[in-house]
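Thanks for asking me to look over this one.

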Amino acid sequence: MTTDVSWRPVADLAEFGDRDVIGREVDGLAIALYRLDGAVYATADHCTHGSARLSAGEVVEGYVECPLHFGLFEIRTGKAAGAPVGRDLRTFPVRLDGTRIEVAIAG
Ligand code: FES
């Protein structure tokens, strides 16, 4: 069985401004985009612990800190990094076309 993957333009690098995380919607999915060590990563924008947007959080040394209860997730892998978060985040492949950020959504 094959899975269709489509690359969707979601943002431009300039949209980060002075932030290291921004949130965007694509195909009804809320996606958080991170700028980290010269690369861009994407995860689901909903914390797996409660109803918080990770795009409203802070990036700290490769992790995103949830703004509600300060749970941490590893940005590159989506791994939950300890209480109160126990479930990993969905991650999405990212590619750049110039300054345009594209995210792969499995259909
Ligand atoms: S909602 Fe994110 S840590 Fe609780």
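The points below go from the overall fold to the core and then to one residue inside it.

1. Please keep in mind that this is a predicted model. As for secondary structure, the chain has ten strands and zero helices.

2. How does the radius of gyration sit beside that of a compact globule? For 107 residues a compact globule would come out near 13 Å, and the chain has 13 Å, so the two agree. Along the principal axes, the C-alpha trace spans about 40 × 35 × 20 Å.

3. Buried residues account for 26% of the 107 residues in the chain. Turning to contacts with a separation of 6 or more, 41% of them join residues 24 or more positions apart.

4. The largest nonpolar core contains 21 residues. Within this core, the residues with the most contacts are Ile31, Ala32, Leu33, Tyr34 and Ala42. At least two core residues come from each of strand 1 (5-12), strand 3 (29-36), strand 4 (39-44), strand 7 (72-74) and strand 10 (100-106). Strand 3 gives the largest share of this core, with four residues.

5. Which residues does Leu33 touch, leaving aside those up to four places away in sequence? They are Val10, Ala11, Val21, Ile22, Arg24, Val40, Ala42 and Ile101.

Technical notes. Residues are numbered from 1 along each chain as its sequence is written. This is a predicted model: local features need pLDDT of at least 70, side-chain atom pairs count only at pLDDT 80 or more; totals for chains, interfaces and linings use all residues. A nonpolar core is a set of buried Ala, Val, Leu, Ile, Met, Phe, Trp, Tyr and Cys residues joined through C-beta atoms within 7 Å. A residue is buried if 20 or more other C-beta atoms lie within 10 Å of its own, exposed if 12 or fewer, and partly exposed in between; C-beta atoms are placed from the backbone. Two residues are in contact if their C-beta atoms, placed from the backbone, lie within 7 Å. The radius of gyration is taken over C-alpha atoms; the globule rule is 2.2 Å times the number of residues to the power 0.38.
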